[in-house]
Amino acid sequence: MEVGHKLKELNMTRDEIGRVETAFKDDTFRGLLLDYAKEISDPDNKKKYEEEIRLLEEERGNTIDFIHPQPYKALKTSVDGKQKCFVNICTNEKVGKPEFKWGVSENGKRGQHWTLPHTLHPGRPERDPKGNNFMIYDVIFHPDTIHMASRNKGFMDMVDTAIQGIQDGFKVRLDQNNIKVLATKYKGTPQPGVIRKPIPGYKAEDPPANPDPLVFPYPDENPSGCAASNRPTVGPKTKEDSKPRSRPTASQKPGEPTIPNYTLKYRSFIDLQDFRYSRDWCVSLTRSFQCSYCMLNSLSS
């Protein structure tokens, strides 16, 4: 993770940094910190935490399922032609099973239209031992989908189209021509995701007349002291603003050459005589030239 960047956001003073350094030299403090790390890493405590989150979400009228990824295979590519990227193909039984229905193609051929439900985890930045940043994406399918893909190459090609889902979902561009299957099944540390669904027929309770000031309100609730008439009114959506506005990304088709990121810079030699104020001053005849810098992330050296 980008720990250095997070530490800069703290904006700590010299006195605070000194107290932190003194605390880390204390054996008692290091022992308490180690106990805390063991506590949050305990599987039993993680299950207790997930159960408490479920109860809180039920109070809001939602049901949630924690999706713990089971590694299957890891892919290596690049994102936006700038940095390394890893895509973890995983499984979980809580994801929808593959489904199909019979249909007729435009050519009049009868066949099957398959639907492969999957979940996408937002990309998370990591850092390798050399200090280089890279991104990790998780794509989770049902185990039946992976089982069928392991026996059918055509089905595996459909599973590999999860890269297209990452591009569409997170508005990034992945290099589909230089994908490498890693020997390891998972890159990084597995992190669970959440599938949230509303409870059918749930009705929110009316807020109490005297709300507890120490209770933190949910984002969709009206804070105490704010009347309903003070809420900003939102007009009906038009056809223009009903669609999400995002930066368009050009998807790369398999087989097409990879277009690297490049930068053009203009350079020229500077002479002090170009800036002197005298009668014999003249324009320098040294011409400027262009330099092209290309990012070739797929090369090993």
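Modeller: In this predicted model, a strand is a DSSP run of E with at least two residues, and strands are numbered from the N terminus; strand 1, with residues 62-67, is such a run and contains Asn62.

Biologist: Why is Asn62 called buried?

Modeller: Its relative accessible area is 14%, and since buried means under 20%, Asn62 is therefore placed in that class. The C-alpha atom of Asn62 is separated by 5.3 Å from that of Ile199, although the two residues are 137 apart along the chain.

Biologist: What makes Glu205 exposed, and in which loop does Glu205 lie?

Modeller: Exposed means over 50% relative accessible area, and Glu205 has 72%, so the term applies. Glu205 lies in the loop between strand 9 (193-198) and strand 10 (261-267), and together with Glu58, Glu59 and Asp206 forms a negative surface patch.

Biologist: Which residues have the most contacts inside the largest nonpolar core?

Modeller: They are Val87, Ile89, Phe141 and Leu174, in a core of 20 residues. Among the elements that each supply at least two residues of this core are strand 2 (70-79), strand 3 (83-91) and helix 5 (143-151), while the largest share, 4 residues, comes from strand 7.

How values were computed
Residues numbered from 1 in each chain as written. Predicted model: local features only at pLDDT ≥ 70, side-chain atom pairs only at ≥ 80, totals over all residues. Heavy atoms only, no water. Patch = residues over 30% accessible without salt bridge, like charges linked within 9 Å, V, L, I, M, F, W, Y side chains within 5 Å. Areas by Shrake-Rupley, 256 points an atom, 1.4 Å probe, with all protein chains shown as cover. Salt bridge = Lys/Arg side-chain N within 4 Å of Asp/Glu carboxyl O. Lys, Arg positive; Asp, Glu negative; His and termini not counted. Charge placed at Lys NZ, Arg CZ, Asp CG, Glu CD. Buried < 20%, exposed > 50% of the residue type's maximum accessible area, 1.4 Å probe, protein only. Core = buried A, V, L, I, M, F, W, Y, C linked by side-chain atoms within 4.5 Å.
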